[in-house]
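Trainee: Could you take me through this structure feature by feature, giving the general idea before the particular case?

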Amino acid sequence: MGFSRRAAVAVVGVAALLSATACSGSDDGGSDAKKVEVFTWWADGGEKAGLDGLVGQFTTDCAGQTFENGAVAGGAGANAKQVLASRLQTGAPPDTFQAHAGAELLDYINAGQIEDISADYEGWGLKTAFPAGLIENLTVDGKIYSVPANIHRANVLWSNKKVVTDAGITTAPASLAEFFTALDTLKAKGVAAPLAIGKDWTQLMLFETVLISNLGAEKFTGLWNGTTPWDGADVTKSIDDFKKLLTYTNTDRDALDWTDAEKMVMDGKAAYQLMGDWEAADLDTKGFKDYGYQPFPGNGTTFQWLADSFVLPKGAANVEGTKCWLKTVGSAAGQKAFNTKKGSIPARTDVTATDYPAYQQTAIADWKSSTQVPSCAHGSACSQGWQGAANSALGAFSTSQDGAALQKALAAAATQFAAKK
Amino acid sequence: MRRRLRHWGPGLLLISPSLVVLAVFVYGLIAWTIKVSMSDEHNARGSKGFVGFDNYVNLFTNDINDRFLHSLGNLGVFTLVFMVGTLLMGLLWAFLLERGVRAEGFFRTVYLFPMAVSFVASGVVWRWLMNPGKDANAGGLNAVFEGFGLGFLQNTWWTDPDWGMAAMALPAIWQLSGYVMALFLAGFRGIPAELREAAAVDGVSTFQLYRYVIFPQLTPVALSALIIIGHMSMKMFDLIMSVSGAQWLTEVPAVYVWQTLLTSDYAKSAAISVILLVLVAIVIVPYLIWTSRTEKRS
């Protein structure tokens with residue numbers, strides 16, 4: 001008797017647990033052929049507004065197709081990338097997903113997870129609408145895999161106009177030498193740390209712009225595609241210049257994020273900061289008006305770009321719908337709908353600049369006339385692994401100040417990651 | 001046979017769901033992690049094959065800037081300061097309470113309370129307290145020192161390249177000293193009053209009482225505290241992420257796992273995870289064996 005009762009309890013318990021786990025196993029896998037699932041990490045703020053604008057245009061352009069929001073919020077895309085990786089590995093890709101254009105796509109391309117859309121580029125007229133430099137940066141072995149929705153510029157030097165004029169600096173520094181002179185002047189006037197900077201990746205951005213100044217656009221791009229060696233004398237000189245630049249920065253840099261460095265400029269504790277052009281929208285939001293901007297001294301007419309783009313994954317359920325989405329993303333109307341809300345500029349050159357705020361108007365003009373180079377800190381020049389190694393190397397350099405070690409680490413990272421095709 | 005089955009069968013049936021879940025989600029996934037750690041899955045493209053212990057060897061001999069050894073060094077400093085700090089503070093507080101202060105219950109709660117705060121929440125506050133800016137830019141504790149004319153006490157805290165991890169251990173000590181205190185207090189209370197009485201009859205001094213009677217009885221408690229603090233320290237992630245974020249200066253193996261995982265280097269992150277697991281096991285397993293033996297004996 002005792003056995004049967006205990007056994008009965010046990011059986012019931014096991015059955016209950018098993019059925020509980022079984023229930024959660026079934027998932028709604030119904031895929032409607034007319035739905036386009038767009039996977040992004042644009043869940044709020046200006047990015048969400050931009051996405052909404054794009055969706056509005058998509059609904060007009062692609063009758064019969066419906067937009068399905070597959071946004072995964074959090075971690076500046078880190079969460080979304082993890083979800084995406086598992087979906088791609090299990091062969092259940094979204095109809096299209098957001099990714100940084102350029103080298104960050106290489107992993108997906110080499111894994112055969114996204115489709116070549118070069119033919120559609122011709123059909124949609126994007127080859128002529130985008131600047132040649134961008135097309136060149138996007139092309140991998142003669143093929144193009146993504147449609148950029150927007151363009152941001154990374155090599156912009158922001159300044160507090162009042163601090164700069166108070167120090168008697170009237171002309172914007174146009175070369176690294178002039179920049180050092182300006183920083184010396186500011187230091188002599190009592191600005192202890194005239195150049196504000198934050199932790200590792202912001203230091204990588206600054207280092208990249210120094211490289212552009214010393215190597216020029218072509219050799220700089222070569223650093224990332226293997227045609228320029230990392231152990232050259234020009235890289236050594238850039239490391240020395242970068243080391244000297246760090247002496248003008250705040251010593252607590254490793255404790256700061258880019259917004260903390262931005263605050264130093266707003267408070268007048270620093271005169272300059274190198275940061276991407278999302279800073280314009282941020283300064284406007286924070287109500288700081290007295291800011292100046294210029295390309296980093298010595299970068300000349302080089303436009304270091306980064307872009308969010310959309311792709312066509314292999315095995316997408318609704319290829320026709322995805323292509324219509326991509327066409328909308330690349331179209332003049334789509335780019336306008338997205339970028340006027342997000343605070344970036346369109347990748348197309350045939351746009352009406354007056355639709356945009358003041359900073360963006362100058363960026364649009366530069367975008368047409370400049371040489372395009374990619375950015376490693378933002379994934380257009382190097383793969384994610386390379387980016388992580390570079391950030392770590394710059395972080396180590398920030399405390400050790402060992403230039404030889406930095407060059408060795410960067411060269412090692414290039415060998416390790418560039419070789420992997 | 002049937003009788004034996006009757007004896008333990010129902011019990012086994014009852015615990016079988018949790019056994020299955022453990023087998024799959026703990027031990028199965030540990031095995032999976034070990035398998036990944038021996039593959040060459042260094043990016044989102046998937047694995048091409050088995051590479052044996054290459055990933056482990058590379059971590060120690062061929063990591064850029066010796067990043068992994070650096071993270072182990074950071075962990076070493078952190079663990080040492082964390083363990084010594086909590087043990088000393090915990091023992092001191094327990095000793096003071098044991099000597100019979102007024103309102104013991106109140107102080108016990110005060111000391112124990114930081115443990116109720118999550119590392120993420122306290123980390124955000126300590127990030128501000130340990131602001132490395134000095135003098136005009138001072139914030140947090142540095143500003144307090146500056147305000148009281150104690151400017152020489154200003155510190156770069158966790159941004160110091162050599163001893164930054166010692167500063168990083170401060171919030172952890174602050175949070176867990178109370179817990180160690182509770183352990184010691186229980187240890188003190190577990191010592192039978194007869195021992196003290198016997199010592200008093202023998203005419204020992206207070207110092208001798210503690211040195212020869214009380215403290216030797218606390219050894220098992222101290223060992224438990226060491227193990228608990230030690231394994232927490234090795235897995236430390238959330239505190240460091242909220243104080244400094246993931247960066248070279250304060251990188252420990254757990255943070256390195258996260259960094260490599262985010263850059264899709266699955267094999268490397270699995271290898272670091274396995275090393276971390278082994279490190280923790282080296283601490284935990286002898287302790288588990290020791291406790292099960294002492295429990296059997298009693």
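Predicted model: local features only at pLDDT ≥ 70, side-chain atom pairs only at ≥ 80, totals over all residues.

Trainee: To begin with the disulfides, how many does the structure hold over all chains?

Mentor: A disulfide is a covalent bond between the sulfur atoms of two cysteines. Over all chains there are two of them here, and in chain A the bonded cysteines, counted along the chain, pair in the pattern 1-2, 3-4.

Trainee: Which residue does A:C62 pair with, and what is the S to S distance?

Mentor: The partner of A:C62 is A:C324, with an S to S distance of 1.9 Å. Because A:C62 sits in the loop between α2 (45-61) and β2 (66-69) of chain A while A:C324 belongs to helix α14 (residues 319-330) of chain A, the pair ties together parts that are 262 residues apart in sequence. A:C62 itself is buried, because its relative accessibility is 2%, which falls under the 20% cut-off.

Trainee: Turning to the interface, how many residues does the contact take from chain A and from chain B?

Mentor: Chain A contributes 38 residues to the contact and chain B contributes 35 residues, and the two chains bury about 3000 Å² between them, with 58% of that area on carbon and sulfur atoms.

Trainee: Which element of chain A supplies the largest share of the side that touches chain B?

Mentor: That element is α17(A), which supplies nine residues. The elements that each supply at least two residues of this side are α1 (2-23), α3 (78-89), α4 (106-110), α17 (384-400) and α18 (403-418) of chain A. By residue class, the side of chain A that touches chain B divides into 17 nonpolar, eleven polar and ten charged residues.

Trainee: For the backbone, which residue of chain A has a positive phi although it is not a glycine?

Mentor: A:D141 is such a residue, with a phi of about 50 degrees, and its place is in the loop between α7 (132-138) and β4 (146-148) of chain A. In chain B, B:W157 likewise has a positive phi of about 50 degrees without being a glycine, and it lies in the loop between α6 (140-147) and α7 (164-190) of chain B.

Trainee: Is B:W157 buried or exposed?

Mentor: B:W157 is buried, with a relative accessible area of 10%, whereas A:D141 counts as exposed at 68% relative accessibility.

Trainee: Finally, which residues is A:L88 in contact with, leaving aside its neighbours within four places in sequence?

Mentor: Such a list is read together with the position of the residue. A:L88 lies in helix α3 of chain A and is buried, with a relative accessible area of 10%; beyond those sequence neighbours, A:L88 is in contact with A:P93, A:F97, A:Y108 and A:Q113.

Technical notes
Residues numbered from 1 in each chain as written. Chains lettered and ligands numbered in written order. Heavy atoms only, no water. Contact = heavy atoms within 4.5 Å. Buried area = accessible area lost by both parts, 1.4 Å probe. Helix = DSSP H or I, 4+ residues; strand = E, 2+ residues; numbered from the N terminus. Nonpolar A, V, L, I, M, F, W, Y, C, P; charged D, E, K, R; others polar. Buried < 20%, exposed > 50% of the residue type's maximum accessible area, 1.4 Å probe, protein only. Disulfide = S-S within 2.5 Å.
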